[in-house]
Amino acid sequence: MQPSLSQTCALCEASLTGKNRSKEHIIPNAIGGRKKTAGFICNKCNNKRGERWDADLAKQLNWFSLVTGISRQHGAPPKQIVQTVEGDKYWLLSDGSFFPGGPPYSEEDINGSVKISITTKTIAEAKQHLKGISRKHPKFDVEKALNELEIKTDYLKSPLHVSLSLGGPDAGRSLVKTAYAFASACGVANSACNKALQYLLDDKLENIPFGLAYLSDLIQSRPKDKIFHCVSLHGDPGTKLLWSYIEYFGIFRVVVLLSDAYSGQIKNEVYSIDPIDGSSVGVKVKSDVTPEEFSRILSGNGLNHENYRAAADYALPIILQRAQSRNLDSVVRDGFDHAAKSLGIKEGEEIPKEKAAEFTALMMEKISPYIAHLVQSSHRSPP
Ligand SMILES: [Zn+2]
């Protein structure tokens with residue numbers, strides 16, 4: 001049954017007609033959300049506030065989006081600076097690869113001659129840089145430099161330092177908006193979510209209607225081999241509570257109280273997806289949270305360190321495994337391209353039998369450093 005669409009915006013009460021009916025992602029698209037709802041907020045509210053809230057959340061979760069390789073409707077997640085535990089900085093790119101984070105261009109005067117170092121991601125970018133240099137330094141031999149260009153592939157030798165926290169008023173509002181949008185999509189009237197509405201409209205941020213939820217695992221028979229994004233909705237006129245559980249990337253877990261005066265039908269709904277391809281995951285959320293656990297979560301005492309660590313121990317290996325297989329894919333692809341190019345085999349052409357051994361050897365030339373890196377990292381003792 002399709003719920004009837006609300007006629008007014010949940011945030012400003014503008015009427016939702018025609019162009020003003022914004023299609024709002026329930027889980028922000030910036031972290032891989034797909035499903036939209038049309039009867040929730042107006043275009044203006046979506047542009048003015050919703051996008052800012054979601055952008056802050058997406059920024060804080062960007063490492064997870066980059067490493068798992070989520071797909072979004074508009075472009076890839078932006079690259080970001082990451083740091084190894086030894087303090088070296090790298091750019092993490094949306095294909096999961098790393099790129100040295102040092103200055104891309106430097107000039108050094110050595111006894112009257114200029115030493116120029118450039119680091120770029122692609123050959124095309126390097127050529128662009130070299131042309132710029134030749135304009136500035138007419139004696140510079142562009143042709144010679146182009147012939148001497150080399151592509152270097154390095155692998156990180158030290159583990160990365162990753163922040164596992166999520167916070168701040170904008171990201172918090174994004175979470176509440178997601179729960180609210182899901183309730184709206186499930187047919188709950190916008191005006192029935194008093195707690196969420198109060199919080200989203202109040203600049204003073206009193207009565208925060210959500211809290212970290214690590215006192216128990218609210219997912220029933222959690223899948224061991226995949227992480228997911230989920231948002232649920234639970235309404236019970238007996239307790240008068242309407243609330244939602246949200247989990248992102250397996251690690252970030254919160255409960256949002258939408259209303260404490262709920263009088264509608266019993267609700268138990270979950271929307272859950274694999275953030276990588278948007279496919280449905282089908283998890284179940286426990287709706288019978290004890291009143292004691294509920295009030296501890298909402299009073300900001302829902303962080304149990306042991307359970308929090310268990311959440312990280314569950315999600316991080318899955319995420320890193322995913323990162324590793326993406327890397328391996330791209331290394332193999334590069335190896336293949338390298339071998340084909342060296343032997344003059346064009347795209348789509350078959351590899352001649354007599355060249356097969358040479359082809360494999362050339363491929364391995366590119367792949368071996370990665371294998372060596374994998375072997376090294378698996379022998380490194382954990383910090
Ligand atoms: Zn509005």
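Trainee: Where does Ala-192 lie in this predicted model?

Mentor: Ala-192 sits in the loop that runs between helix 5 and helix 6.

Trainee: Is Ala-192 buried, exposed or partly exposed, and how does one decide?

Mentor: One counts the other C-beta atoms within 10 Å, where 20 or more make a residue buried and 12 or fewer make it exposed. Ala-192 has 18 C-beta neighbours inside 10 Å, and therefore counts as partly exposed.

Trainee: Which residues is Ala-192 in contact with, once neighbours within four places in sequence are left aside?

Mentor: Ala-192 is then in contact with Ser-259, Tyr-262 and Gly-264.

Trainee: How should I read the burial pattern of a helix, taking helix 6 as the case?

Mentor: In general, an α-helix has 3.6 residues a turn, so residues three or four places apart point the same way. In helix 6, residues 194-201, the buried residues are Lys-195, Ala-196, Tyr-199 and Leu-200. Viewed down the axis of helix 6, these buried residues fall within an arc of 125°, so they line one face of the helix. What they pack against is helix 5 and strand 13, residues 252-259.

Trainee: Which residues have the most contacts inside the largest nonpolar core?

Mentor: They are Ala-179, Val-256 and Leu-258, in a core of 72 residues. Helix 5, residues 169-185, gives the most to this core, contributing eight residues. Leu-258 shows how the parts meet: beyond its neighbours within four places in sequence, its contacts include Ala-179, Tyr-180 and Ala-183, as well as Lys-195 and Ala-196.

Trainee: In what order do the five strands of the open sheet stand, and which strands are at its edges?

Mentor: As a general idea, strands of a sheet pair through backbone hydrogen bonds, either parallel or antiparallel. Here the order is 9-13-12-11-14, with antiparallel pairing. Strand 9 (210-212) and strand 14 (267-273) stand at the edges with a single partner strand each, so one side of each has no neighbour in the sheet. Within this sheet, neighbouring strands are turned by 15° against each other on average, direction ignored. Five bridges join strand 11, residues 229-236, to strand 12, residues 241-248, and Val-231 stands opposite Ile-246 in strand 12.

Methods: Residues are numbered from 1 along each chain as its sequence is written. This is a predicted model: local features need pLDDT of at least 70, side-chain atom pairs count only at pLDDT 80 or more; totals for chains, interfaces and linings use all residues. A nonpolar core is a set of buried Ala, Val, Leu, Ile, Met, Phe, Trp, Tyr and Cys residues joined through C-beta atoms within 7 Å. Helices (H or I, at least four residues) and strands (E, at least two) are DSSP runs, numbered from the N terminus. Two residues are in contact if their C-beta atoms, placed from the backbone, lie within 7 Å. The arc is that of the directions from the helix axis to the C-beta atoms. Two strands pair if DSSP finds at least two bridges between them. Axes are lines fitted to C-alpha atoms, for helices over the stretch in contact, and angles run from 0 to 180 degrees between N-to-C directions.
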